[in-house]
Amino acid sequence: MDKIHTTIKLFAMLREGRFDITTGEFPIGTIVNGVIKRIGIPENEVILICVNNRHGRRDKKLVDGDTIALFPPVGGG
């Protein structure tokens, strides 16, 4: 297997003009930041990353079946 399959979930304003949830196929060795770039989200729009319901980092190497959740900055007060 030379590809991994990853589920990507977007929240709040990141969904605008994109999707809520999708799956993607990526080369083995892909990191979270590579997924963010591939789906066209500016890096500064993603503040919180979860991989498999745990806090994740941009440089986390993904494996087949991972789920990524991406969150924008939270506003309000």
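Me: Just to set terms: buried means under 20% relative accessible area, exposed means over 50%, and partly exposed is in between. With that, where does Phe71 fall, buried, partly exposed or exposed?

Reply: Happy to start there, and keep in mind that this is a predicted model. Phe71 has 23% relative accessibility, so it counts as partly exposed.

Me: Thanks! Which residue forms an aromatic pair with Phe71?

Reply: That would be Phe11. The two rings are stacked, at 4.3 Å centre to centre with 10° between the planes. Phe11 is also partly exposed, because its relative accessibility is 26%.

Me: How many aromatic pairs are there?

Reply: The count comes to one.

Me: And which parts does the pair tie together?

Reply: Phe11 sits in the loop between strand E1 (3–10) and strand E2 (21–27), and Phe71 is in strand E5 (residues 67–71), so the pair links parts that are 60 residues apart in sequence.

Me: Let's do the sheet, then. What is the strand order?

Reply: The order is E2-E1-E5-E3-E4, in an open sheet of five strands with mixed pairing. E2 and strand E4 (54–55) are the edge strands, each pairing on one side only.

Me: Mixed how? Do E1 and E5 pair in the parallel or the antiparallel sense?

Reply: Parallel, over four bridges. If you want a spot to look at, Thr7 stands opposite Thr67 in E5.

Me: And E3 with E5, parallel or antiparallel?

Reply: Those two run antiparallel, and four bridges join them. Here Cys50 is the residue opposite Ala69 in E5.

Me: What about E3 and E4?

Reply: They also pair in the antiparallel sense, over two bridges, and Val51 faces Arg54 of E4 across that pairing. E3 and E4 make a hairpin with two residues between them.

Me: Which residue in that turn has a positive phi?

Reply: Asn52, with a phi of about 55°.

Me: Changing topic: how many residues does the largest nonpolar core have?

Reply: It has 15 residues. Those with the most contacts inside it are Ile36, Ile41, Val46, Ile49, Leu62 and Leu70. The elements that give two or more residues to this core are E1, H1, strand E3 (48–51) and E5.

Me: Take Ile36. What is it in contact with, leaving aside neighbours within four places in sequence?

Reply: Ile36 is in contact with Ile41, Val46, Ile49, Arg58 and Leu70.

Me: Glu43, okay. Which residue meets it in a salt bridge?

Reply: Lys37, at 3.9 Å from N to O. Lys37 counts as exposed because it has 53% relative accessibility. Glu43 comes in at 37%, so it is partly exposed.

Me: How many salt bridges does the count come to?

Reply: Three. One of the others joins the side chains of Arg57 and Asp59, with N to O at 2.7 Å. Another joins Asp20 and Arg15 at 3.5 Å, again N to O.

Me: Are those side chains buried or exposed? Start with Arg57 and Asp59.

Reply: Arg57 is exposed at 53%, whereas Asp59 is partly exposed at 45%.

Me: Last one, Thr30. Where is it found?

Reply: Thr30 is in the loop between E2 and H1. At 11% relative accessibility, it counts as buried.

Me: Which backbone oxygen does its side chain reach?

Reply: The Thr30 side chain reaches the backbone oxygen of Pro27, at 2.6 Å.

Me: And what does Thr30 touch beyond four places in sequence?

Reply: Thr30 touches Val35, Lys60, Lys61 and Leu62.

Key. Residues are numbered from 1 along each chain as its sequence is written. This is a predicted model: local features need pLDDT of at least 70, side-chain atom pairs count only at pLDDT 80 or more; totals for chains, interfaces and linings use all residues. Side-chain values use heavy atoms; hydrogens and water are left out. A salt bridge is a side-chain nitrogen of Lys or Arg within 4 Å of a carboxyl oxygen of Asp or Glu. Buried means under 20% relative accessible area, exposed over 50%, partly exposed in between (1.4 Å probe, protein chains only). Rings of Phe, Tyr and Trp (its six-membered ring) pair if their centres lie within 6.5 Å; planes under 30 degrees apart count as stacked, over 60 as edge-to-face and the rest as tilted. A nonpolar core is a set of buried Ala, Val, Leu, Ile, Met, Phe, Trp, Tyr and Cys residues joined through side-chain atoms within 4.5 Å. Contact means heavy atoms within 4.5 Å. A polar contact is a pair of N or O atoms within 3.5 Å; within protein, one must be able to donate a hydrogen and the other to accept it, and residues adjacent in sequence count only if both atoms are side-chain atoms. Two strands pair if DSSP finds at least two bridges between them.
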